[in-house]
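Take a moment with the sequence and the fold, then read on.

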Amino acid sequence: MDAILSRLFSSEEEELYVLDCLGYFMIFMAACTFVALLFQDVPYGRYAPSTARFRVDARIAWFVQELPAFLVPFCLVVWTSSAKTSLLPNQLVIAMYFCHYIQRSLIYPFLIRGGKSTPLDSFVLAIMFCMYNGYMQIRYLSHYAEYPAHWVTHPRFIAGSVLWLVGWLVNMHSDHILRNLRKPGETGYKIPTGGLFEYVSGANFLGEITEWAGFALAGYSVHSTAFAISTAVVLSSRAVSHHKWYHAKFEDYPKSRKALIPFLF
């Protein structure tokens, strides 16, 4: 792996410059995505166009598209000379990333019950994003990120870690609720209840946005911040779309329930 990277970059300074550029570019793309999502929903799941010619089974799509987000970082940590991985702050922030993607890429796809197939173009874009982001996050954390002494006791790191943990738990619990809405053999959509779904339509999205916001706070870099912004843009839009969809489909949908932020929005 080191040999491959040494061919791509003439020096560590050049690679770090590229990593920083990737972070700023992700923020730029998040801004473009925000504008685009004002006019169109992300085309997968219930919003996938019926005219899509090529589709991928939901379980296969989730597994294959999320796997690079685990494999690329795994290779970077295991098969590169990364002195920063011996430092506790780096280890903890890297662990946050891996905790999410071990569950998301190696466990979650096999728990899916049904699910609509994914259009091929959305599937390919997801793979590219996971490779891009996986490399950017973990290469920076494992090889370049430098934190001050006692960073793990800094209020910023502690707050970020707590936010990450709360978001991670909310995300997994909300996914559990959604998976168990239908009994075996049942089809169609149901109103989710329990947990944060009592307050918002996008409880699972709120959990993941909170998780990566905590990751960004604990990691304290343009790279982690870019990912948190990108996640917030896409998932907040999806939460609003779900909220509108639920109200249109179910006459008895709770009127007090908000889209994403309890009691506010």
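Of the chain's 265 residues, 45% count as buried. The model is a predicted one.

**Overall build**

The chain has eight helices and two strands. Read from the N terminus, the order is α-α-β-α-α-β-α-α-α-α. A compact globule of 265 residues would have a radius of gyration near 18 Å; this chain has 19 Å, so the two agree. Along the principal axes, the C-alpha atoms fill a box of roughly 60 × 45 × 35 Å.

**Surface and charge**

The accessible surface of the chain is about 13,800 Å². Carbon and sulfur atoms account for 67% of that surface. The chain carries 21 positive side chains and 18 negative ones. The centres of these two sets lie 12 Å apart.

**Cysteines**

How many disulfides does the structure hold? It holds zero. A disulfide is a covalent bond between the sulfur atoms of two cysteines. Why is Cys-21 not in such a bond? The closest cysteine sulfur to that of Cys-21 belongs to Cys-32, and it is 16 Å away, too far for a bond. The cut-off for a disulfide is 2.5 Å between the sulfur atoms. Cys-32 is likewise in no disulfide, with the sulfur of Cys-21 as its nearest cysteine sulfur.

The table gives the values.

| Residue | Relative accessible area |
|---|---|
| His-150 | 66% |

**Two residues with positive phi**

His-150, the last entry in the table, is exposed. His-150 is not a glycine, yet its phi is positive, at about 60 degrees. Where does His-150 sit? Its place is the loop between helix H5 (120–143) and helix H6 (155–179).

Tyr-220 also has a positive phi, near 50 degrees, and is a residue other than glycine.

**In brief**

The predicted model shows a chain of eight helices and two strands. Its radius of gyration of 19 Å agrees with that of a compact globule. The structure holds zero disulfides.

Definitions and conventions:
Residues numbered from 1 in each chain as written. Predicted model: local features only at pLDDT ≥ 70, side-chain atom pairs only at ≥ 80, totals over all residues. Heavy atoms only, no water. Helix = DSSP H or I, 4+ residues; strand = E, 2+ residues; numbered from the N terminus. Rg over C-alpha atoms; globule rule 2.2 N^0.38 Å. Buried < 20%, exposed > 50% of the residue type's maximum accessible area, 1.4 Å probe, protein only. Areas by Shrake-Rupley, 256 points an atom, 1.4 Å probe, with all protein chains shown as cover. Lys, Arg positive; Asp, Glu negative; His and termini not counted. Charge placed at Lys NZ, Arg CZ, Asp CG, Glu CD.
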